[in-house]
Amino acid sequence: MALFVRLLALALALALGPAATLAGPAKSPYQLVLQHSRLRGRQHGPNVCAVQKVIGTNRKYFTNCKQWYQRKICGKSTVISYECCPGYEKVPGEKGCPAALPLSNLYETLGVVGSTTTQLYTDRTEKLRPEMEGPGSFTIFAPSNEAWASLPAEVLDSLVSNVNIELLNALRYHMVGRRVLTDELKHGMTLTSMYQNSNIQIHHYPNGIVTVNCARLLKADHHATNGVVHLIDKVISTITNNIQQIIEIEDTFETLRAAVAASGLNTMLEGNGQYTLLAPTNEAFEKIPSETLNRILGDPEALRDLLNNHILKSAMCAEAIVAGLSVETLEGTTLEVGCSGDMLTINGKAIISNKDILATNGVIHYIDELLIPDSAKTLFELAAESDVSTAIDLFRQAGLGNHLSGGERLTLLAPLNSVFKDGTPPIDAHTRNLLRNHIIKDQLASKYLYHGQTLETLGGKKLRVFVYRNSLCIENSCIAAHDKRGRYGTLFTMDRVLTPPMGTVMDVLKGDNRFSMLVAAIQSAGLTETLNREGVYTVFAPTNEAFRALPPRERSRLLGDAKELANILKYHIGDEILVSGGIGALVRLKSLQGDKLEVSLKNNVVSVNKEPVAEPDIMATNGVVHVITNVLQPPANRPQERGDELADSALEIFKQASAFSRASQRSVRLAPVYQKLLERMKH
């Protein structure tokens, strides 16, 4: 029985493959980056890692795939060098780094990893070296020699002037009383240091960067007989204040302090958690027009949105940013955080003046520009950042500005500037009324609009929503950009001036002299009631010139045969509303006659059955009218297609005859077939 179980286990292992037998715990982001560096360096021998060095600096990074191909860190060019991976060393005369570093105690390992200054300061204390050389299990986050050298002189002086208190405490704060390897360093965790059990903040980012109190881990997992050494790029210090306490004590946050108190966010900023506060300085608030600032500060909801737009959901140290990435704020907005050399950028602007101020519940970066979210803006303020300034000027000239800056729940349909490339209309009663019909009496979001929905405007009109495969339209105008939702209003950027419907299709045709012959034909064909009643029609309306272009005999025959005329006219009427913005490349639109119309759009020109439309999108309450300069012929009426149909019928009949000929009584069975062919030819 035991043998059977072992054989079964072996069979399962072989069936599942090597992954089932060799799979271990998932690698951490740091380990994945290190693995990639090993792969890039393996041509230089065993245990060689490719390292990217920023040109003109001493900054080095293990490389990931993206950085390898871009060869840039924070926009700065890098060069590739090849070094021994952590834990290995060269052997004279041999390729690569074949030898593992000999294990020694923590103190000696500090010298091996390039932290001889830490060794030196350890020697100066009376107690620490024996501890590092003795039995036990410890982790030390050892500052590099460059990290110690970059400390301000007054800080370094205060440490070395009292080595058995200040320096000893500083060094012990870099130590943990157990072995901690990188696979245990999780994002947002805290470790208890050997100095008064003070916390050390650990962040492990998806790009493989690991930070310790926002100091970057340079080389990790150097094993020692009594622990492990991680090399870091800064000397770290204890963290005592939370984010709210830092706001309270910094003079440059006077306005921010008042805003936080008014919004009630102080409770969150002094509580548990790990946040990033992009803290606007007094100068940042002073850059905002006083009218805008006073409006936001006096509006609790707008103020809360404003402040939440400066708070990220997790701690983000500057060292973690080596390229651009998108981060979400508590308000829900996405910010583009990047770097340019040593400067951090927000949405492409280098507005961070002081970075990595650590708090017990996160990190603070000072910024010199306010990040006002759309949700705290008026319609005027939303439009100022969009390509609709010409339309906004028209609304202002028409005396509608109070609607765009007040507290009404509205949606503004603002045409793009390019719509007015040939000039703007004069501000008269007609234009004012037209502009009022570009303002919807509700604050909408495009994602909730649906096909057939009606929207009421300030001008009293009912506008329809049309949802197509690749576009979302309101009457003849389609949304051209993502909507911007403000404090009270929403901005829809539209691709053309909207024209509200002015009566039924029949009313539109009767009111235009170009269609007098079409109107008469519709009346003769008995279709007047159809085009007057409620419905959804797309009418390709031939002009008088289109009817006159018909051969006189054909025109007389058509207009004299009510049945044939109705058939032709129904072929000009689609059974749904299709505006030009909803066409895409090609749409096959079913007509009331039964056959389909091929409607296409190329170079902003609408065509039906490959014939260009002279004027698209005349809106009616029960449809849309597109003006054409020719009379469309249904497929059955087109000579070529009728000939093709006859040929196809004949071919099918002769196929049947051939089949029959292979059977008995061929002559008897062929007779009805040939009779059928003769009858079709007569027609």
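How many bridges join strand 7 to strand 8, and do the two run parallel or antiparallel?

Reply: 2 bridges join them, and the two strands run antiparallel. Before going on, note that this is a predicted model: local features need pLDDT of at least 70, side-chain atom pairs count only at pLDDT 80 or more, and totals for chains, interfaces and linings use all residues. Numbering starts from 1 along each chain as its sequence is written, and side-chain values use heavy atoms, with hydrogens and water left out.

Now to the strand itself. Strand 7 covers residues 138–143, and strand 8 covers residues 175–176 (strands are DSSP runs of E, at least two residues, and helices runs of H or I, at least four, numbered from the N terminus). Two strands count as paired if DSSP finds at least two bridges between them. On the strand 8 side, Ile140 stands opposite Met175. Strand 7 also pairs with strand 13 (residues 227–232), this time in the parallel sense and over 6 bridges.

What about the side chains of strand 7? In a regular strand the side chains alternate between the two faces of the sheet. Here Phe138, Ile140 and Ala142 point one way, while Thr139, Phe141 and Pro143 point the other, and all are buried (buried means under 20% relative accessible area, exposed over 50%, partly exposed in between, with a 1.4 Å probe and protein chains only). With 6 of the 6 residues buried, strand 7 is largely enclosed by the rest of the structure.

Three strands, in the order 16-17-18, form an open sheet with antiparallel pairing. Its edges are strand 16 (325–328) and strand 18 (343–346); each has a single partner strand, so one side of each is left without a neighbour in the sheet. From one strand to the next the twist averages 30°. Strand 16 pairs with strand 17 (residues 334–340) over 4 bridges, in the antiparallel sense, and Leu325 sits opposite Val337 in strand 17.

On to helix packing. Helix 9 (residues 153–160) and helix 10 (residues 163–173) have axes that come within 6 Å and cross at roughly 120° (axes are lines fitted to C-alpha atoms, for helices over the stretch in contact, with angles from 0 to 180 degrees between N-to-C directions). That makes helix 9 oblique to helix 10 (under 35 degrees is roughly parallel, over 145 roughly antiparallel, 65 to 115 roughly perpendicular, the rest oblique). Ser158, Leu159 and Val160 of helix 9 make the contact with Val163, Glu166, Leu167 and Ala170 of helix 10 (contact is heavy atoms within 4.5 Å). By class, that contact has 5 nonpolar, 1 polar and 1 charged residues (Ala, Val, Leu, Ile, Met, Phe, Trp, Tyr, Cys and Pro are nonpolar, Asp, Glu, Lys and Arg charged, and the others, Gly among them, polar).

Further along, helix 22 (residues 516–525) and helix 26 (residues 562–570) pack at about 120°, axes 8 Å apart. Helix 22 is thus oblique to helix 26. In helix 22, Leu518, Ala521, Ile522, Ser524 and Ala525 meet Ala562, Leu565, Ala566 and Leu569 of helix 26. These divide into 8 nonpolar, 1 polar and no charged.

Most residues other than glycine have a negative phi. Cys74, though, has a positive phi near 50°; it lies in the loop between strand 3 (72–73) and strand 4 (76–84) and is buried at 8% relative accessible area. Glu475, not a glycine either, has a positive phi of about 55°. Its place is the loop between strand 25 (472–474) and strand 26 (477–478), and Glu475 is buried, at 0%. Thr431, in helix 20 (residues 429–436), counts as buried at 5% relative accessibility. Leaving aside neighbours within four places in sequence, Thr431 is in contact with Pro425 and Pro426.
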